[in-house]
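Work through the exercises below with the coordinates open. Try each task before reading its solution.

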Amino acid sequence: MEEAKDCLAFKGVAERLTLGITRILENMPGVVDVRFAEREPAEKRSLLSWEQKNTCILPEDLRDFYLTTDGFTLTWNVKLDNECVPLGCMTINSVARLCPLLQPVSLFALPNAPSLADLDWEEGNRESGLAPAAPHFDSRSRIFELDSCSGNGKVCLVYKNCTPGVVAQQSEIWFLDRSLCWHFLTATFTSYYRLMITHLGLPEWQYAFTPYGPSPQAKQWASLYQPLTFSCEPGLADPAGDSYLNKLDPTRAFKGKAKAPAPKKKQSAQGSSGGTAKGQGNAGRHGGAKRCRKWCPTR
């Protein structure tokens with residue numbers, strides 16, 4: 001009896017954690033094998049140890065998340081030709097795997113070997129007054145990996161404007177793509193978590209927040225399983241702002257073909273001159289009527 005109560009209690013917690021997305025996925029066509037990994041809450045001492053080790057204060061919403069579950073993993077597959085293909089994956093690393101992106105330089109590294117800090121030389125061109133300042137790969141920023149994105153980039157917890165030896169408190173969520181360019185996602189962990197749930201963990205969904213967007217294959221999956229929030233990239237629009245996708249011009253699509261004029265009948269050679277003149281007059285009147293019907297816009 002107690003085990004049944006514990007099972008129901010866990011289902012209630014899992015339902016709140018996933019925001020009911022498991023039931024939505026199970027009802028989608030072709031979706032199979034929806035799995036949510038059960039994890040125990042993280043201990044407070046492990047959170048304190050992480051903060052002391054990295055000289056950073058965890059944001060309050062992320063701390064509450066870890067005190068509920070030590071990480072998050074939800075995966076789902078699709079059935080194609082009687083085969084299960086992995087598709088969706090939502091991941092938040094555990095406290096133990098919330099590691100710094102920039103590891104300390106080894107003593108055995110070459111003295112003149114290039115490092116990620118060398119990419120900060122063009123910071124003046126990347127930063128603008130409108131967009132948030134991008135993180136740095138040196139000591140000015142402390143970066144921790146939240147999700148490896150299946151090798152398509154990294155979602156990171158970033159502390160900017162850091163000073164060596166001073167505890168960092170303000171954090172943001174950024175996406176680092178495969179070309180090592182930064183893209184701002186959200187200001188809080190809660191906003192990012194909702195964003196991840198909304199995009200169903202589809203492949204490359206983080207690239208929707210980049211200027212170039214996800215790959216064509218990822219766009220096809222998004223249009224199939226996420227049609228309400230999926231939108232085409234701005235590059236497909238003309239200068240007037242209209243999209244080339246499904247563009248239809250009714251004046252051209254429904255324009256009828258012009259009918260060829262009927263050949264004129266030859267006048268009989270046996271008619272008198274008066275009859276000929278009368279026939280010509282009638283032909284002129286008929287021709288005028290035909291021209292009137294041809295150019296009248298209301299007919």
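Predicted model: local features only at pLDDT ≥ 70, side-chain atom pairs only at ≥ 80, totals over all residues.

**Exercise 1. The chain as a whole**

Task: State how many helices and strands the protein chain has, and what share of its residues is buried.

Solution: 
- Next, take the elements. The protein chain has 9 helices and 7 strands.
- Then turn to burial. Of the 299 residues, 32% are buried.
- Finish with the contacts. Take those between residues at least 6 apart in sequence: 55% of them join residues at least 24 apart.

**Exercise 2. The sheet of 3 strands**

Task: Give the strand order of the open sheet of 3 strands, name its edge strands, and find the partner of Thr 75 in S3.

Solution: 
- The order is S1-S2-S3, and the pairing is antiparallel.
- The edges are S1 (31-36) and S3 (83-92), since each pairs on one side only.
- On average, neighbouring strands here are turned by 15 degrees against each other, direction ignored.
- S2 covers residues 72-80 and is joined to S3 by 9 bridges.
- Within S3, Cys 89 is the bridge partner of Thr 75.

**Exercise 3. The sheet of 4 strands**

Task: Repeat the analysis for the open sheet of 4 strands. Which residue in S6 is the bridge partner of Lys 154?

Solution: 
- The order is S4-S5-S6-S7, again with antiparallel pairing.
- S4 (142-147) and S7 (182-186) are the edge strands.
- S5 and S6 pair over 5 bridges.
- The partner of Lys 154 in S6 is Leu 176.

**Exercise 4. A helix that touches both sheets**

Task: Which strands does H6 touch, and which of its residues are buried?

Solution: 
- H6 spans residues 189-198 and lies across S2 and S3. Its angle to S3 is about 170 degrees.
- H6 also packs on the other sheet, touching S4, S5, S6 and S7. Its direction makes about 95 degrees with that of S7.
- The buried residues of H6 are Phe 189, Tyr 192, Tyr 193, Leu 195, Met 196 and Ile 197.
- After H6 comes Leu 200, with a positive phi near 60 degrees.

**Exercise 5. Salt bridges**

Task: Count the salt bridges. Then describe the pairs of Arg 35, Glu 51 and Glu 172.

Solution: 
- The count is 6 salt bridges.
- Arg 35 meets Asp 33 at 2.7 Å, N to O. Arg 35 is exposed at 53% relative accessible area, whereas Asp 33 is partly exposed at 35%.
- Glu 51 pairs with Arg 63, with the closest N and O atoms 2.4 Å apart. Glu 51 is in H3 (residues 44-54) and Arg 63 in H4 (residues 60-68), 12 residues apart.
- Glu 51 is buried at 9% relative accessibility. Arg 63 is partly exposed at 23%.
- Glu 172 pairs with Lys 160 at 3.3 Å between the closest N and O atoms. Glu 172 is in S6 (residues 172-176), and Lys 160 is in the loop between S5 (154-159) and S6.
- Lys 160 is partly exposed, at 21%.

**Exercise 6. Cysteines**

Task: State how many disulfides the structure holds.

Solution: 
- The structure holds 0 disulfides.
- The cut-off is 2.5 Å between cysteine sulfur atoms.
- For Cys 156, the closest cysteine sulfur is in Cys 149, 8.2 Å away, so the two are too far apart for a bond.
- Cys 156 is buried, at 0% relative accessible area. Cys 99 is partly exposed, at 34%.

How values were computed:
Residues numbered from 1 in each chain as written. Heavy atoms only, no water. Pairing = 2+ DSSP bridges. Helix = DSSP H or I, 4+ residues; strand = E, 2+ residues; numbered from the N terminus. Axes fitted to C-alpha atoms, helices over the stretch in contact; angles between N-to-C directions. Contact = heavy atoms within 4.5 Å. Salt bridge = Lys/Arg side-chain N within 4 Å of Asp/Glu carboxyl O. Buried < 20%, exposed > 50% of the residue type's maximum accessible area, 1.4 Å probe, protein only.
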